[in-house]
Structure formats: structure tokens, C-alpha cells
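Reader: Hello! Could you walk me through some features of this structure and show me how to read each one?

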Amino acid sequence: MKKGRSWNCNVTVTTICLVMAMIFCSATATIESPQYTVVHTESDFEIRLYRTSVWMSASAVGISSFEKATWNGFHRLFQFIQGANLNFSRIPMTSPVVTCMVPKSGPLDSEGYYVGFYLPVKFQANPPVPLPELNIKPYEFDSHCVAVRKFSGSARDERIVEEAEKLDKSLSRSKWSDSKIEQRGYSIAQYDTPFRSAKRRNEVWVGIHAPKLGCKAVGVAAY
């Protein structure tokens with residue numbers, strides 16, 4: 001382990017926003033995202049088959065607000081990618097940042113959330129070890145399918161409930177009505193810096209079990 005450096009974990013939300021804006025502005029053309037194939041398309045949703053990949057997961061269990069949970073989790077993930085790891089590695093920003101629900105109570109019938117950050121290809125095989133006080137850990141996002149509904153604007157607590165309900169309604173009218181993996185719940189994927197106000201890209205995901213499309217019976221969230 002490298003020595004001689006210390007990390008200041010007292011990073012403000014304003015600092016995070018400013019640095020995120022600079023990162024996105026400088027890396028938009030080359031920013032990495034998890035790889036997937038669209039295996040089915042409807043007018044208002046699509047089904048994607050994602051490849052196996054490694055993410056970093058920040059627990060925000062016990063926080064019922066999606067917005068607060070996302071900031072809580074990403075605050076720690078941001079410190080990790082800026083060097084708060086035992087390797088002192090700087091990790092490029094990727095997209096999307098995915099907030100996965102833990103089913104039971106709250107805006108999406110959840111008792112809390114996990115916030116996920118996709119690791120760039122360079123770090124997939126050997127993720128940097130986060131500082132213990134960040135309470136984050138790597139997890140393997142198994143190859144599986146998700147039904148995806150896209151929406152623009154800000155991903156607020158009320159809005160994500162509306163979008164999840166719309167996806168649920170669309171699925172109930174399709175041949176995939178019995179394919180949703182209920183126990184894993186919904187996830188919200190956000191692709192843009194908080195400083196971007198127009199043409200924001202957001203998505204609501206839910207795991208789908210559809211063997212004919214090559215989809216395994218696993219979900220999105222990490223526990």
C-alpha cells in the first residue's frame with residue numbers, strides 16, 4: 001500500500017457539483033458506460049441484456065427519500081473516485097449512476113437504497129480498495145435483462161414514482177406482464193451532471209426474467 005498521502009473526506013456538495021461539471025464537460029465524448037444489447041423494443045419501453053460488469057455500491061439503507069439517498073451514496077462514491085482508496089487511484093467518471101431500491105417502504109415501496117457506480121474497463125478486474133470509512137464495496141452486476149423506460153427532467157421523489165408506475169403499466173399490457181422480478185424492485189439511472197438543466201437523460205429500470213431473450217432470473221440491486 002502506498003504511503004505519504006492522506007485523504008480529506010470532508011467534501012461538500014458544492015465541491016462535488018463543481019468537479020462533476022468539469023469531469024462531464026471534459027469527458028462527455030469518451031465517458032464509459034456498461035455494455036448492453038437491446039433485445040426487445042416497444043413504443044414506450046425497451047428490454048436490454050446487460051453484460052456482466054463490476055460496480056462500486058454505496059449503501060443508503062434507512063433513507064426513504066430517493067433524492068437524499070442518491071446524494072448520500074454518491075457523496076461517498078465521488079470521494080472514492082477522486083482518490084479515497086488504498087491505491088490512491090483517480091478513477092474516471094462513468095455513467096449512469098444507478099440508485100437501486102431495497103423493497104418495503106418509501107417512495108417506491110423501499111426501505112432504502114443502494115447507489116451504484118460502474119467501474120471503467122481499466123479497473124474491472126482489480127477494483128481499487130475504498131477507504132473503510134466510506135462504507136462502499138465492489139459487487140458483480142451479473143449478466144441479465146432489465147426493462148427500461150426513459151424520461152427527461154429532474155429525477156425527484158414524486159417524479160420517479162410516476163415513471164415507475166408508467167413502466168409497470170406498460171409491462172402489464174405486454175407479453176412480459178409476468179416476467180418482472182418483483183423482489184428486486186426498481187432502479188433509477190441518471191446520466192447527467194446536476195448542473196445540466198435541459199435535455200437530461202434518466203431511466204427507470206426493473207429486472208426481467210425472459211429466457212427466450214437470453215435473460216437470467218437475477219435482479220439489478222446489490223445487497
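Author: Gladly, and let's begin with aromatic pairs. Rings of Phe, Tyr and Trp (its six-membered ring) pair if their centres lie within 6.5 Å; planes under 30 degrees apart count as stacked, over 60 as edge-to-face and the rest as tilted. By this rule there are seven aromatic pairs. Tyr-36 and Tyr-50 make a tilted one, with 5.0 Å from centre to centre and 45 degrees between the planes. This is a predicted model, in which local features need pLDDT of at least 70 and side-chain atom pairs count only at pLDDT 80 or more, while totals for chains, interfaces and linings use all residues. Residues are numbered from 1 along each chain as its sequence is written, and side-chain values use heavy atoms, leaving out hydrogens and water.

Reader: Where do Tyr-36 and Tyr-50 lie in the chain?

Author: Helices (H or I, at least four residues) and strands (E, at least two) are DSSP runs, numbered from the N terminus. Tyr-36 is in strand S1 (residues 36-41) and Tyr-50 in strand S2 (residues 46-50), so the pair links distant parts of the chain, 14 residues apart. Both belong to one aromatic cluster, together with Trp-55, Tyr-118, Phe-141 and Trp-205.

Reader: Is Tyr-50 buried or exposed?

Author: Buried means under 20% relative accessible area, exposed over 50%, partly exposed in between (1.4 Å probe, protein chains only). Tyr-50 is buried, at 1%, whereas Tyr-36 is partly exposed, at 33%.

Reader: Which residue lies over the face of Tyr-36?

Author: A charge sits over a ring if NZ of Lys or CZ of Arg is within 6 Å of the ring centre and within 35 degrees of the ring normal. Over Tyr-36 lies Arg-48, at 4.4 Å from the ring centre. Likewise, the charged end of Arg-201 sits over the ring of Tyr-191, 3.7 Å from its centre.

Reader: How should I read a helix, for instance H4?

Author: An α-helix has 3.6 residues a turn, so residues three or four places apart point the same way. The expected span is 1.5 Å times one less than the number of residues. Helix H4 (residues 157-172) has 16 residues and reaches 23 Å from its first C-alpha to its last, close to the expected 22 Å. Its buried residues are Asp-157, Ile-160, Glu-163, Ala-164, Leu-167, Ser-170 and Leu-171. Seen down the axis, they fall within an arc of 150 degrees (taken from the directions from the helix axis to the C-beta atoms), so they line one face of H4.

Reader: What covers the buried residues of H4, and which exposed residues are on the face turned away?

Author: The cover includes H2, strand S7 (144-151), strand S8 (186-190) and strand S9 (202-208), where contact means heavy atoms within 4.5 Å. The face turned away carries Glu-158, Glu-165 and Lys-169.

Reader: What can the backbone angles tell me?

Author: Most residues other than glycine have a negative phi, and most peptide bonds are trans. Phe-88, not a glycine, has a positive phi of about 55 degrees. Phe-88 lies in the loop between H2 and S4 and is buried, with a relative accessible area of 17%. Asn-135 also has a positive phi, near 55 degrees, and is found in the loop between helix H3 (121-124) and strand S6 (136-141).

Reader: Which residues does a cis peptide bond join?

Author: Ser-95 and Pro-96, with omega about 0 degrees. Pro-96 is in the loop between helix H2 (66-81) and strand S4 (97-103).
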